[in-house]
Amino acid sequence: MNTDNMQDIKIIIDFMKNFVDNCHHVKEEKLLFDFLEHKGMVGGPIYVMAYEHNKLRDIINRIEVKYNEPKGLREDLNNLIVMLSSHIDKENNVLFPTAENLLSDDEDKIIYYKFERIEEGFGKERHRKYIELINTLYNRYTNKNQIKDKRINYPTNFSTF
Ligand SMILES: [Fe+2]
């Protein structure tokens, strides 16, 4: 890995530890999972999602530790890609559709309102910078001949990410 790659790994560590943990995981762990448990979704999917969040944290911690001794770093980066892709897939195809079915419109509004407060606590400008950063990496590492510009669009309602 060259110096640019190594710098990008630092960006990924920062993105995962600060943006993903403090802006995304927190919404699920502190709000959504509780709501879903109260609606009867016990164990199963919630347990798996929380377990995977911790696995992702473990991988990121290992990547951070191995940063200066790159032996094994590539393997953990690959593990991160596999675990994160699978996690996002489960969220989009199992967790979120199930939540849509379980939660009433009023509960949706309450969660939305609370997500907004988390976003405000995180900082909208900070949020925007992280999205820009990840878009830059995305464009750097995707094959532009095969994939048209699929940039992550900055969400206008600010809570959808
Ligand atoms: Fe998650």
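Here are a few exercises with worked solutions on the predicted model above.

Residue numbers start from 1 along each chain as its sequence is written. As the model is predicted, local features need pLDDT of at least 70 and side-chain atom pairs count only at pLDDT 80 or more, while totals for chains, interfaces and linings use all residues.

**Exercise 1. Find how many helices and strands the protein chain has.**

Start with the rule: helices (H or I, at least four residues) and strands (E, at least two) are DSSP runs, numbered from the N terminus. Applied to the protein chain, this gives five helices and zero strands. Read from the N terminus on, the order is α-α-α-α-α.

**Exercise 2. Check whether the span of helix 4 agrees with its number of residues.**

Helix 4 covers residues 105-122, which is 18 residues. The expected span is 1.5 Å times one less than the number of residues, so helix 4 should span 26 Å. Its end C-alpha atoms are 26 Å apart, in agreement.

**Exercise 3. Work out how helix 1 and helix 2 pack.**

Two packed helices are described by the angle between their axes and the distance between the axes. Axes here are lines fitted to C-alpha atoms, for helices over the stretch in contact, and angles run from 0 to 180 degrees between N-to-C directions. For helix 1 and helix 2 (residues 44-66), the angle is about 165° and the axes are 11 Å apart. The pair is therefore roughly antiparallel (a label for angles over 145 degrees). Contacts (C-beta atoms, placed from the backbone, within 7 Å) involve residues including Ile9, Phe33 and Leu36 of helix 1 and Met49, His53 and Ile60 of helix 2.

**Exercise 4. Name the residues of the largest nonpolar core.**

Look for buried Ala, Val, Leu, Ile, Met, Phe, Trp, Tyr and Cys residues joined through C-beta atoms within 7 Å. Buried means 20 or more other C-beta atoms within 10 Å of a residue's own, exposed 12 or fewer, and partly exposed in between, with C-beta atoms placed from the backbone. The largest such core has five residues: Leu32, Leu36, Met49, Leu95 and Ala99. Beyond its neighbours within four places in sequence, leucine 32 is in contact with Lys27, Ala99 and Ile111.

**Exercise 5. Decide whether asparagine 78 is buried or exposed.**

Asparagine 78 lies in helix 3. It has 11 C-beta neighbours inside 10 Å, so asparagine 78 counts as exposed.

Conventions. Contact = placed C-beta atoms within 7 Å. Parallel < 35°, antiparallel > 145°, perpendicular 65-115°, else oblique.
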